[in-house]
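Please work through the following exercises with the sequence and the structure open beside you, and try each task before you read its solution.

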Amino acid sequence: MEAPEDVSVREQLFHDRVRETIICVLLFICLYIVSYLVITHYKRNAEFTIDNSEDATVNKIALWLCTFTLSVSVGAVLLLPLSILSNEVLLSFPQSYYMQWLNGSLIHGLWNIVFLFSNLSLVFLLPFAYFFTESEGFAGSKKGVMARLYETAVVLFLLTLLVLGMVWVASAILDDNMARQSLYDLWEYYLPYLYSCISLFGVLLLLLCTPLGLSRMFSVTGRLLVKPRLLEDLDETMSCAEFEEASLSRNLTSKSHDITLGFSDTNSGFLFLPSEIRKRASPWQRNLGYPLAMLLLLAVTVVCVLIVCYHVVELLFDDTAMPRGMEDPLLGAASFSMFGSLGAAVQVILILYLMISSVVGFYSSPLFTGLRPRAQDTTLTQIIGNCVSLLVLSSALPVFSRTLGITRFDLLGDFGRFNWLGNFHIVFLYNILFAGLTSACLINTLTWTVQRELIRAFGLHKLPSTVSRSTIPLRLLLANGLSKIQ
């Protein structure tokens, strides 16, 4: 007969597991709803309102799988920020009754769930969604959803065998003992090695996209804010816009009255919108909002580069600076930042900022501009491609942040079992490349931005294209600027 203490401990463990399961389910439902709203905003409605009920059913199933994958991607992005914030909350309220649900077991479970669903989505669900939308059923079989399902299952099975065979050959070339073990234990050796390769690809993709995105963030933010124009007369700009619209309207009226109406409704707003926004903006918003935003972006980017440079020095003298896994997270024991809660908050901001920058850099790259989603005009194939890309980027974000030394929170679960994390040369070279590429992109962006704004401020952008602006003497530039001031 069991002792009462053992029964109470077992009941407490059962209650903890039930509570953690409920929290995970509620969190995933929230992420799924947000992901569904995002995908609904970008999907092309014509693909889901077609007369063919079979195609509509297939498209809806594929859309559900894409929504599930996007929710997993958002969860992967929030893993490190939630873990860091949970540790700081437990440090601030160690004996709070309302914080008992927040513990290391819950955080460890979230990491394992995200890792499992990332593998499931990347290896099975998204390929299934793509092949399902492209399938038509085997030749001679009865048409329908089931026929397309059978064809998709066969194609996916053959693709899985092909991918696993290629990974096994690669593992045999690198380590023959590991290849033999993977034949006997698929889950312990084969799948982690496969995901290690995928994670390495994601981290390399982040290395290319993040520096580009950090430089592009300045131009993206500049489009959303009202820029201050040095030495500019807003009344003169508005008058020019009015004259341009009147001239265009007269020209179109002479050709067709119908075209005039259509153009007047669309282009009138286009011509007046920037100037009207600038005129309605307060002087504080017009003259301080844009500079403060640019300075804030510059400060965050510089802090990222300085942290990476400091981490490079740490790698040379401190073995604990290497990224590694952690099996039993001791939350609430000590802060993961030397600056306490303030440093932890900065780490969370930097991690989210790097993720946003990597997405901006990914869609700004010439190789992936075709995947850029458009509101109400994104095909289902493009949605699947975007979900794959975002999942690869987001699932590599924890490893990316820990490798660069943005945070000292060690990787939990299977995220810390990647083979290349213990290689000093790979980690050291990765930090050097990131710091160098980010610095180069930042310097290039700042120099071109300053030059462009000076040219616009002094009115030199109105010069004919045959005149080279680089040959304009400095005294002419100053004279033009002084004449505007007077």
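**Exercise 1.** At what angle do helix 2 and helix 10 pack, and how far apart are their axes?

**Solution.** Bear in mind that this is a predicted model. Begin with the geometry: helix 2 and helix 10 pack at an angle of about 175 degrees, and their axes lie 10 Å apart. Angles over 145 degrees count as roughly antiparallel, and helix 2 is therefore roughly antiparallel to helix 10. Next, find the residues that meet: helix 2 brings V77, L80, P81, I84, L85 and E88, while helix 10 brings G340, S341, A344, Q347, V348, I351, L352 and M355. Finally, sort the contact of helix 2 with helix 10 by class, which gives 10 nonpolar, three polar and one charged residues.

**Exercise 2.** Determine how helix 2 (residues 53–92) and helix 11 (residues 380–395) pack, and describe their contact.

**Solution.** The angle between helix 2 and helix 11 is about 20 degrees, with the axes 9 Å apart. Because angles under 35 degrees count as roughly parallel, helix 2 and helix 11 are roughly parallel to each other. The handedness comes next, and the crossing of these two helices is left-handed. On the side of helix 2 the contact is made by N59, A62, L63, C66, T69, L70, V72, S73, A76 and V77, and on the side of helix 11 by L380, I383, I384, C387, L390, L391, S394 and S395. Classified, the contact of helix 2 with helix 11 holds 13 nonpolar, five polar and no charged residues.

**Exercise 3.** Which helix supplies the largest share of the lining of the largest pocket?

**Solution.** Start with the pocket itself: the largest pocket has a volume of about 870 Å³, and 27 residues line it, of which V38, V359, Y363, P373 and L390 lie nearest its centre. Then assign the lining to helices: helix 1 (4–42), helix 2, helix 6 (186–224), helix 10 (340–364) and helix 11 each supply at least two residues. The largest share, seven residues, comes from helix 10.

Terms used. Residues numbered from 1 in each chain as written. Predicted model: local features only at pLDDT ≥ 70, side-chain atom pairs only at ≥ 80, totals over all residues. Heavy atoms only, no water. Axes fitted to C-alpha atoms, helices over the stretch in contact; angles between N-to-C directions. Helix = DSSP H or I, 4+ residues; strand = E, 2+ residues; numbered from the N terminus. Parallel < 35°, antiparallel > 145°, perpendicular 65-115°, else oblique. Left-handed = near helix turned anticlockwise from the far one by under 90°. Contact = heavy atoms within 4.5 Å. Nonpolar A, V, L, I, M, F, W, Y, C, P; charged D, E, K, R; others polar. 1 Å grid on protein atoms, 1.4 Å probe; cavity = no way out; pocket = protein on both sides within 12 Å on 5 of 7 lines; lining within 4 Å. Points joined across faces, edges and corners; volume = space filled by probe spheres on them.
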